Amino acid sequence: MSNPQHLDDLFTFLRFPSVSTDSRHAGDVVACGAWLVAKLSGMGLAAALHPTARHPVVLAKNKHVEGRPTVLIYGHYDVQPADPLELWDSPPFEPRVEGDRVYARGSTDNKGQILAHILAVGETIDEKGDVPVNLIILVEGEEEIGSPNLEVFLKEHRDALKCDVVAVSDTGMLEKGLGTFTYGLRGIACIEIKVTGPSMDLHSGIFGGTVANPATAVAQIVASLHDADGRVAVPGFYDRVQPLADWEIEGWSKLPLSEEATLKLTGAPSLFGEAGFSDHERRWARPTAEVNGIGGGYQGEGSKTIIPKEAFVKLSFRLVPDQDPGEILGLVQKHIEAHSPPGVRVEVKLGHAGKPYLTNPQDGYGNAAREALLEAFGREPALIREGGSIPIIQTFRDVLGVDTLMLGLALPDCQIHAPNENFSLSVFEGGIRMSRLLLDAIARA
Ligand code: BES
Ligand code: MN
């Protein structure tokens, strides 16, 4: 790192266990947000912590000047839980450097990435007194729980958040030093199914054959989700799915992507999925149904002959344009009803829902973003969509009426949401460079 203070800031940021889903960490989340406010204020921005129904939002601005474009830089300071702890090679909230990587929960998702922008702004202010645009920095503490309060916050602060474009680094970089511009994200719809039967676990010998088994019912429902070819079997699921554009198929085929690389990254014995699409087409532009968790009955050593009183499954559906999460959840609920066997009660609970996002990378400030990536990394940037979801990106469009430039710094092997999450320090430096160039390019556009 050319500036040791930058590493110091990164380490301090990473030491906060700002796990948003775990109420025991609520105090750590606030402390982390407060540290950011202090950092941003110290840079000369007007910064404050805004309470919400759960975790606070960090908001900072420079002095806005008539006639300059307004850029909103968005990121999140909350992180995923660190578990399973025993699979980490070092404690998740004590950053450890090995080679070019810093290991810590949240290092890539999203602390390292948002900090690159913040430090870029700090450097520019130090050198020039101000950045060349009207700047709004918005860092939330609830992204990893689906941003439940951010839409209301955007609506309540619509005037203060009025901007021309949003910039976000919370997506992937195809390979180290290959600037990556993401112009599409999948949406998401989550649902949890709980199946109950008898009022207690029953002896499977005494009652087996006459009382329906909730775990079997869950398995039947899960098995009904896909057909034999790996397509989602929920009626109507594909009705609104838009085909890929020819330029995307062609462009993606030239990127440094391979099925071998995916096999190596995942450790899976072979790839799976809808016929007729490449690995990346299936991940970036086709919808899915996934089981995220399933359980019920005896999980201990040896066997225990019971009919469990209940069982559950947690499902998520990744969505692509023009699928609508509300509509999809309706279709899924109908499908579950149709595939629920007799003799059990089936309850469903709806979870996260977020729309897919797609924009034209040649439109608006897209050129400025591509210019900044080219200059920062010295290579023609890759134009991609992503399989992951950042639901608030479409909400920015719906509420603030603006598009988002997604300039990701997450390398394929950064292990976000998993043990040993890590962030490349050279990409961190590249990200700081890129952010400075981005604000310059937007100011010129
Ligand atoms: N940064 C990720 C999303 C992401 C990762 C997009 C990689 C593209 C490439 C984000 O923090 C995340 O994990 N989002 C959740 C959303 C959910 C909690 C509503 C996701 O995608 O599962
Ligand atoms: Mn993230």
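**Exercise 1.** Into which domains is the chain divided?

*Solution.* The model is a predicted one, in which local features need pLDDT of at least 70 and side-chain atom pairs count only at pLDDT 80 or more, while totals for chains, interfaces and linings use all residues. Residues are numbered from 1 along each chain as its sequence is written, and side-chain values use heavy atoms, with hydrogens and water left out. The division gives domain 1 (4-185 + 356-444) and domain 2 (187-241 + 287-354), with bounds from an automatic or database domain assignment.

**Exercise 2.** Describe the interface between domain 1 and domain 2.

*Solution.* Start with the separation: the C-alpha centres of the two domains lie 35 Å apart. Ten residues from domain 1 and nine residues from domain 2 take part in the contact (heavy atoms within 4.5 Å). Next comes the buried area (accessible area, 1.4 Å probe, lost on putting two parts together, summed over both), which is about 670 Å², with 64% given by carbon and sulfur atoms. On the domain 1 side, P356, S389 and P391 supply 63% of the area buried against domain 2, more than any other three residues. By class, the side of domain 1 that touches domain 2 has five nonpolar, four polar and one charged residues.

**Exercise 3.** Which residues line the largest cavity?

*Solution.* The lining consists of G236, F237, R240, Q323, D324, E327, I328 and L331, where a lining residue has an atom within 4 Å of a point, and a cavity is a set of points on a 1 Å grid where a 1.4 Å probe fits but cannot get out. Sorted by class, this lining has three nonpolar, two polar and three charged residues, with Gly counted as polar.

Methods:
Chains are lettered from A and ligands numbered from 1 in the order in which they are written. On a 1 Å grid over the protein atoms alone, a cavity is a set of points where a 1.4 Å probe fits but cannot get out, and a pocket is an open set with protein on both sides within 12 Å along at least five of seven lines; lining residues have an atom within 4 Å of a point.
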